[in-house]
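Welcome! Please take a look at the structure below, and then let us walk through it together.

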Amino acid sequence: MWESLSAYISQLLHFYDMNKVILLGNVGRDPRMRMVDSSQVADFPLATTERRTSRTPDGQEMQLPDLTEWHNIVMWGRAAEFAEKYIRKGSRLLVEGKLRTRSWEDHNAIKRYITEVYVDSFELLPK
């Protein structure tokens, strides 16, 4: 079974590009709401933490410092409405989406960039 699935995925990857992100983490602040072209938009940071271990030369397991990454999450439309009602700082969230990078000029005419995860689907999980 896995061999045929692997072959299928290999064929897909050969012919198509893919922009897909799956994150499981904790919301860093309550969603910030705004309107864009008459559509509601929610944005908030999501923290993912990697628990890391290593082995010492004598084979003992050693705990390394956790590695936390912060991701900029963007939800549109009904997802944004859900976020406004139910997602709060500390919520555990599974998101699936795509990366988008945008740029703008700040008040000093310096070009700034931000990479965001535009959410396609999500699940609010128990804490």
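A residue is called buried when its relative accessible area is under 20%, exposed when that area is over 50%, and partly exposed in between (1.4 Å probe, protein chains only). At 19% relative accessibility, H71 therefore counts as buried. H71 is found in strand 6.

Before we go on, a word about the source: this is a predicted model, in which local features need pLDDT of at least 70 and side-chain atom pairs count only at pLDDT 80 or more, while totals for chains, interfaces and linings use all residues. Residues are numbered from 1 along each chain as its sequence is written, and side-chain values use heavy atoms, leaving out hydrogens and water.

**The overall picture**

The protein chain has two helices and eight strands; helices (H or I, at least four residues) and strands (E, at least two) are DSSP runs, numbered from the N terminus. From the N terminus on, the order of elements is α-β-β-β-β-β-β-α-β-β. The radius of gyration of the protein chain, taken over C-alpha atoms, is 19 Å, well over the 14 Å that the globule rule (2.2 Å times the number of residues to the power 0.38) gives for 127 residues, so the chain is more spread out than a compact globule. Its C-alpha trace spans about 60 × 40 × 40 Å along the principal axes. Buried residues make up 25% of the 127 residues.

**The core and helix 2**

A nonpolar core is a set of buried Ala, Val, Leu, Ile, Met, Phe, Trp, Tyr and Cys residues joined through side-chain atoms within 4.5 Å. The largest one here has 16 residues, and F44, I73, M75 and L93 have the most contacts inside it. Among the elements that give two or more residues to this core are strand 3 (39–50), strand 6 (67–76) and helix 2 (77–86).

Contact means heavy atoms within 4.5 Å.

Which residues of helix 2 are buried? They are G77, A79, A80 and A83. Seen down the helix axis, the buried residues fall within an arc of 155° (judged by the directions from the axis to the C-beta atoms), so they line one face of helix 2. The face turned away from the buried side carries the exposed residues R78 and K85. Strand 2 (32–36), strand 3, strand 6 and strand 8 are included in what covers the buried residues.

**Paired strands**

Two strands pair if DSSP finds at least two bridges between them.

| Strands | Bridges | Direction |
|---|---|---|
| strand 1 and strand 7 | six bridges | antiparallel |
| strand 7 and strand 8 | 14 bridges | antiparallel |

N26 has R92 in strand 7 as its bridge partner, and K98 has Y118 in strand 8. The hairpin of strand 7 and strand 8 has five residues between the strands, and there A109 takes a positive phi near 65°.

**Two side chains up close**

A polar contact is a pair of N or O atoms within 3.5 Å; within protein, one must be able to donate a hydrogen and the other to accept it, and residues adjacent in sequence count only if both atoms are side-chain atoms.

R52 lies in the loop between strand 3 and strand 4 (53–55). A polar atom of the R52 side chain lies 3.0 Å from the backbone oxygen of P65.
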